[in-house]
Amino acid sequence: MTDPTTLQALLHRYRNGTCTPAETRAVEAWYAAQPEGPGPSLAGDEREALRRRLWQRLRPTTMVPVQYATGAPTGWRWLAAATVAAGLGVGSGLLGPQPNRPGAPAAWQVRANATARTQTVRLPDGSDVALQPSSRLSYRPGFAGGQRAVYLSGEAFFQVAHDAAHPFRVLTADLETRVLGTSFTVRAYPQQAETVVQVRTGRVRVQPLRPGPAAAPAPGETQALAAAVGPLVLLPNQQAVYAPKRQQLSRELVPQPALLAPQSFAYDNRPVAEVLDALQAAYGVAIRYRPAAVAGCTVNLNLRGQASLFAKLDALCQATGASYSQANAEIIFHPTSCQPI
């Protein structure tokens with residue numbers, strides 16, 4: 001594929017899914033050999049579509065990430081790509097210089113969970129990771145260069161050791177999650193349309209990823225850039241849901257908020273406002289209501305038997321004839337009257 005016109009036509013057919021199997025293999029082998037991405041002058045959206053399609057094809061067979069100067073959707077250059085090229089008989093001259101550039105890591109630590117059970121991974125800084133089945137975690141041995149960065153495909157729960165001087169970063173195909181010390185879950189399976197980050201304790205910063213510039217911040221990494229939306233800061237019991245196709249990043253409550261500060265949850269002729277404030281403090285979830293709308297309204301209510309926040313809210317609403325809704329990781333309480341029903 002040395003003629004530019006033929007190559008560009010072939011890349012367009014690949015993008016549209018009309019290539020023959022032999023042409024598809026040839027395009028993937030050619031792309032794997034390029035140090036700077038596709039050579040023909042494709043439009044930006046066409047180039048990104050091609051890159052993402054290749055990424056989806058190569059990611060399931062990936063074993064070890066190595067340095068890639070620029071152009072791949074996640075900034076990773078996969079050894080699987082070289083394997084594809086080798087299998088087609090592509091010589092070393094086509095593959096070009098191998099990734100032994102100055103500053104490139106000599107090796108990566110890779111933990112892949114091929115079992116049906118959660119596996120615990122202890123990172124060099126003392127952070128613990130609960131790696132779920134069909135998930136893979138990669139990082140530099142010893143966090144070389146002081147970079148606390150890991151790459152995740154799949155799902156994992158992180159308990160991060162606090163280090164204010166070195167933020168901890170989790171990178172997936174579409175998102176960067178940055179923290180100092182906290183616990184949170186990242187779910188980023190390749191086959192799923194959305195990436196989810198859920199915070200249990202502390203706070204995290206979530207930002208969409210785009211390919212970084214030629215001067216990448218570190219080998220094997222991408223540079224975090226806002227896509228069509230800016231970053232979100234998440235607090236306990238909040239989650240970020242990112243849909244890359246729509247470039248939509250939203251903040252929500254987690255499905256089952258965890259209890260953060262135990263309360264008695266027993267109220268004997270107590271104001272409704274007191275109950276709402278106690279629930280807010282117990283779960284760290286903002287509950288909005290108009291004080292004037294609940295002024296003088298009291299309840300006799302024992303919520304100890306209600307396991308979840310939403311079960312407690314349901315019981316309160318049943319006792320008072322009220323309702324509630326959710327918006328932007330907050331609960332809005334809607335009283336209908338001040339008298340218990």
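Reply: This is a predicted model. Of the 341 residues of the protein chain, 44% count as buried. Its secondary structure comprises eight helices and 20 strands. The accessible surface amounts to about 16000 Å², and carbon and sulfur atoms account for 52% of that. Among contacts between residues at least 6 apart in sequence, 51% join residues at least 24 apart.

Me: What makes E155 a buried residue?

Reply: A residue is called buried when its relative accessible area is under 20%. E155 has a value of 18%, so it is buried. This residue is found in strand β7.

Me: Which residues does E155 touch, leaving aside those up to four places away in sequence?

Reply: The residues touched by E155 are A130, L131, Q132, S135, T185, V186, R187 and Y189. One of them, R187, is also the bridge partner of E155 in β10.

Me: How far apart are A188 and E155 in sequence and in space?

Reply: They are 33 residues apart in sequence, while their C-alpha atoms are 5.9 Å apart in space.

Me: What makes strand β10 largely enclosed by the rest of the structure?

Reply: Strand β10 covers residues 183–188, and five of its six residues are buried, so the strand is largely enclosed.

Me: How do you know that β10 pairs with β7 and with β11?

Reply: Two strands pair if at least two bridges are found between them. Strand β7 (residues 148–159) and β10 have six bridges, in the antiparallel sense. Strand β11 (residues 195–201) is joined to β10 by five bridges, and these two strands also run antiparallel. Within the second pairing, the bridge partner of F184 is V199 in β11. A hairpin of six residues connects β10 to β11.

Me: How does the reach of helix α6 compare with the expected one?

Reply: Helix α6 has twelve residues, 272–283, and reaches 17 Å from its first C-alpha to its last. Just after α6, G284 takes a positive phi of about 65°.

Me: Which residues of α6 are buried, and why are they said to lie on the same side?

Reply: The buried residues of α6 are V272, V275, L276, A278, L279, A282 and Y283. They cover an arc of only 160° around the axis, which puts them on the same side of α6. In general, an α-helix has 3.6 residues a turn, so residues three or four places apart point the same way. The buried residues of α6 pack against several elements, including β16 (266–271), α7 (291–294), α8 (309–320) and β20 (330–334).

Me: Why are β17 and β19 called edge strands?

Reply: Three strands form an open sheet with mixed pairing, in the order β17-β20-β19. Strands β17 and β19 (323–327) each pair on one side only, and these are the edge strands.

Me: What makes β17 and β20 a pair?

Reply: Pairing needs at least two bridges. Two bridges join β17 to β20, and the strands run parallel; the pair therefore meets the cut-off. R288 stands opposite I332 in β20.

Key:
Residues numbered from 1 in each chain as written. Predicted model: local features only at pLDDT ≥ 70, side-chain atom pairs only at ≥ 80, totals over all residues. Heavy atoms only, no water. Helix = DSSP H or I, 4+ residues; strand = E, 2+ residues; numbered from the N terminus. Expected span 1.5 Å × (residues − 1). Buried < 20%, exposed > 50% of the residue type's maximum accessible area, 1.4 Å probe, protein only. Arc of directions from axis to C-beta. Contact = heavy atoms within 4.5 Å. Areas by Shrake-Rupley, 256 points an atom, 1.4 Å probe, with all protein chains shown as cover.
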